[in-house]
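This report describes selected features of a single protein chain. Please consult the sequence and the three-dimensional structure shown below.

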Amino acid sequence: MGMFDRFIKTEERTLENPNAPVSADDFLHIMGWGDFSSAAGVMVNVDNALGVPAVWSAVNFISGTLASLPLEVHRRTETGHEMVRDGVGAWLDRAVNPTLSSFAWRKYIFEQVLTGGRSVTLIVRNGAGAVTDLVPLDTSHLHVYETNENGFAGRGYRARTEVYSASEVIDLTFMLKHNQIDIRGPIMHHKDIIGMAIGATRYASKAFQSGGIPPAVLQGPFQSGAAAQRASEDVAQATARLAKEGRPVMALPSGHELKAVGFSPEDMQLIELQKFCVEQIARIYSLPPVFLQDLSTGTFSNVEQQDIHYVKHTLRRWIEQTEQEMNLKMFGRESDLMVRFNVDSLLRGDLLTRMNAHATAVQNGIKTPNEVRNAEELEPLPSGDEL
């Protein structure tokens with residue numbers, strides 16, 4: 001277990017210790033620029049962005065779905081391919097190392113990609129070169145730099161004191177910049193719309209905290225600044241008491257007037273603004289809004305189409321990227337082995353559709369009855385191997 005312990009040691013980065021690996025977030029933190037301010041005047045980072053329900057829902061929904069798909073290893077044959085049940089094929093779908101399940105690993109790496117924009121996993125091999133374990137690395141202490149390997153531009157990875165080549169890690173990114181090294185993370189690249197969502201939530205919370213009473217200015221025949229200050233404090237206390245007691249009426253002395261300052265939630269169209277933010281966040285993650293629990297435009301028919309859209313245009317992109325990265329880094333360009341996500345398992349909760357698909361496959365000679373029974377985790381039949 002000591003081999004895994006060395007990947008979770010902590011090391012503090014300071015200006016006096018420039019040799020420690022540093023990521024962009026670490027550097028900004030050291031220089032006092034730990035967060036980025038959005039146009040809405042709200043400081044945006046991964047943690048408070050996840051406080052926006054739409055962002056939280058999008059990240060959890062996509063990462064959880066991808067983590068739940070069976071992850072299989074297949075070998076190409078002359079007639080197609082067959083599932084590999086030994087070696088890496090025996091543990092990849094269950095546990096990627098002695099302390100981390102396959103589900104937890106995949107959910108973690110996709111959460112990192114969908115928030116910060118990158119996840120990196122170390123590939124551990126034995127003396128014969130076979131893959132034995134996968135260990136996710138902390139990208140906040142990771143430095144990615146350009147290298148030149150055999151005349152091709154590549155990437156090097158420095159995690160604290162360890163240095164790895166591109167062939168030793170699985171590197172998943174949301175979007176790369178022009179140099180193919182640095183990344184564009186979805187949260188920081190869209191900090192303005194996320195900052196707007198954070199600001200709208202905070203404004204709504206403060207409005208409820210004050211009993212729905214908007215900020216106001218008190219006008220009256222004040223004799224001095226101190227008198228005006230005392231009067232404003234009295235009004236503030238009276239307003240808070242009325243809000244707490246649920247009483248809507250407050251009396252003011254003769255000659256005084258209380259006027260609202262700024263916009264009310266209705267004038268600001270706060271509900272419409274929050275709906276707009278949900279739609280924009282759905283666009284960032286290529287998600288139909290229905291999967292962010294926005295059913296305002298959902299119908300029985302278009303919700304089903306959005307479900308198909310999710311698999312074809314959102315999940316497929318992440319599945320293809322992950323499969324190709326794992327195949328290249330774990331097995332090489334010319335290997336007969338390949339990693340495959342089993343997307344058919346998405347129908348696991350839809351019995352009718354799954355049974356109709358099985359029946360069609362058997363009746364048209366696409367699958368044998370035993371192949372269907374195996375997919376349903378049933379015992380094979382003596383005569384079930386014939387098309």
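With which side chain does the side chain of aspartate 133 make a polar contact?

## Aspartate 133

In this predicted model, the partner is threonine 132: the two side chains form a polar contact at 3.2 Å. Aspartate 133 lies in strand E8, which spans residues 131–137. The relative accessibility of aspartate 133 is 12%; because buried means under 20%, aspartate 133 counts as buried.

## The sheet E8-E7-E12

Strands of a sheet pair through backbone hydrogen bonds, in either a parallel or an antiparallel manner. Strand E8 belongs to an open sheet of three strands, arranged in the order E8-E7-E12 with antiparallel pairing. From one strand to the next, the twist averages 20 degrees.

Six bridges connect E8 with strand E7 (residues 118–125), and the two strands pair in the antiparallel sense. Among the paired residues, leucine 122 has valine 135 in E8 as its bridge partner. Helix H6 packs on the sheet and touches E7, E8 and E12. The direction of H6 makes about 145 degrees with that of E7.

## The packing of H4 and H6

Two packed helices are described by the angle between their axes and by the distance that separates the axes. For helix H4 (residues 53–68) and helix H6 (residues 102–115), the angle is about 145 degrees and the axes are 8 Å apart. The crossing of H4 and H6 is right-handed.

On the H4 side, the contact is made by Val59, Asn60, Ile62, Ser63, Gly64, Leu66, Ala67 and Ser68. These residues meet Phe103, Arg106, Lys107, Phe110, Glu111, Leu114 and Thr115 of H6. By residue class, the contact of H4 with H6 comprises seven nonpolar, five polar and three charged residues.

## The chain as a whole

The secondary structure of the chain amounts to 13 helices and 15 strands. The chain has 387 residues, of which 34% count as buried; aspartate 133 also counts as buried.

Terms used
Residues numbered from 1 in each chain as written. Predicted model: local features only at pLDDT ≥ 70, side-chain atom pairs only at ≥ 80, totals over all residues. Heavy atoms only, no water. Helix = DSSP H or I, 4+ residues; strand = E, 2+ residues; numbered from the N terminus. Buried < 20%, exposed > 50% of the residue type's maximum accessible area, 1.4 Å probe, protein only. Polar contact = N/O pair within 3.5 Å; in protein donor to acceptor, adjacent residues only side chain to side chain. Axes fitted to C-alpha atoms, helices over the stretch in contact; angles between N-to-C directions. Left-handed = near helix turned anticlockwise from the far one by under 90°. Contact = heavy atoms within 4.5 Å. Nonpolar A, V, L, I, M, F, W, Y, C, P; charged D, E, K, R; others polar. Pairing = 2+ DSSP bridges.
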